[in-house]
Amino acid sequence: VDHLRGMSKAVKRLVEAGLVLGVHQNQDDLRYSRITLQDGQLYLHVLQHQPSPPTHAHTIQEMELSSSRVFLDLTWPGSTRGRLHIQLNTDTSLARQFMLLCTGQHPSGSSFLNTKLLEVTKKGEPGECVRGGDYQYNNGRGGQPLLAHQRYQKYQESGSAGAVWSWSVPWRSYSAQFVISTRDRTDRDKWSNVFGEVVSGLDVVRAAVNHSDITEVTVVDCGVVLTL
């Protein structure tokens, strides 16, 4: 990120033209990440394989991430692409795992890219929420943890719309799947295993929940919002 702080007009033009890429190399595996500038925010997009960088591209090797904010881009038939920003509590292993699945930096290359939302719970009622994140099978049967989780790590609880949490306890199967709450709870209970919060774009998730078939809602891009 230090390469891009206080960027000159020339560097800014390169970023806007899509000619600045992050590079991640793991043994013989070489992947590239687009870096874009939109509405004054700098975005590092999910790593993807490509034979070679574009002609005249400038690459930044092994970028160190100092941000705890990620983004997901959602789309579905009849909609335009919408983006949500999620602030993560990176003191928790579930948040660090979520970050890896937004960037694709895990050695397996696993990410949320092209995964679909899976299920809406309590649609139209208090406590409404939507589940997604099956990076393995995309049908709700996958989402094995990528990290070793501490069995008794303390997580926040929340009953508010915008909470991002895991529907499975962290050390069990499917804990990479996530849930986003779209309506406040009105009972006294709260969601557990909360590791993040939607800070913008909750309206995008609510619109997705109202689509006739939630499984048509797809994550078409994801990544990190870089701190300048």
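Which residue stands opposite I180 in β11? V130 does. This is a predicted model, with local features needing pLDDT of at least 70 and side-chain atom pairs counting only at pLDDT 80 or more, while totals for chains, interfaces and linings use all residues. Residues are numbered from 1 along each chain as its sequence is written, and side-chain values use heavy atoms, leaving out hydrogens and water.

**Around β11**

Let's start with the strand itself. β8 (129-132) and β11 (178-181) pair in the antiparallel sense over four bridges; strands count as paired if DSSP finds at least two bridges between them. Strands here are DSSP runs of E with at least two residues, helices are runs of H or I with at least four, and both are numbered from the N terminus. β10 (residues 163-165) is also antiparallel to β11, joined to it by two bridges, and here W165 stands opposite V179.

In a regular strand, side chains alternate between the two faces of the sheet. In β11, F178 and I180 point one way, V179 and S181 the other, and all are buried (under 20% relative accessible area; exposed is over 50%, partly exposed in between; 1.4 Å probe, protein chains only).

**Helix α3**

Helix α3 (residues 202-209) has L202, V204, V205, A208 and V209 as its buried residues. Looking down the axis of α3, they fall within an arc of 155°, so they line one face of the helix; the arc is taken over directions from the helix axis to the C-beta atoms. Their cover includes β5 (69-75), β6 (82-88) and β11, among others, with contact meaning heavy atoms within 4.5 Å.

**Aromatic pairs**

There are seven aromatic pairs in the structure. Rings of Phe, Tyr and Trp (its six-membered ring) pair if their centres lie within 6.5 Å; planes under 30 degrees apart are stacked, over 60 edge-to-face, and the rest tilted. Here are two of them:

| Pair | Centre to centre | Angle between planes | Type |
|---|---|---|---|
| Y43 and F71 | 5.1 Å | 80° | edge-to-face |
| F112 and F178 | 5.2 Å | 75° | edge-to-face |

Y43 sits in strand β3 (residues 41-45) and F71 in β5, so their pair ties together parts 28 residues apart in sequence. Y43 is buried at 4% relative accessibility, and F71 is buried at 0%.
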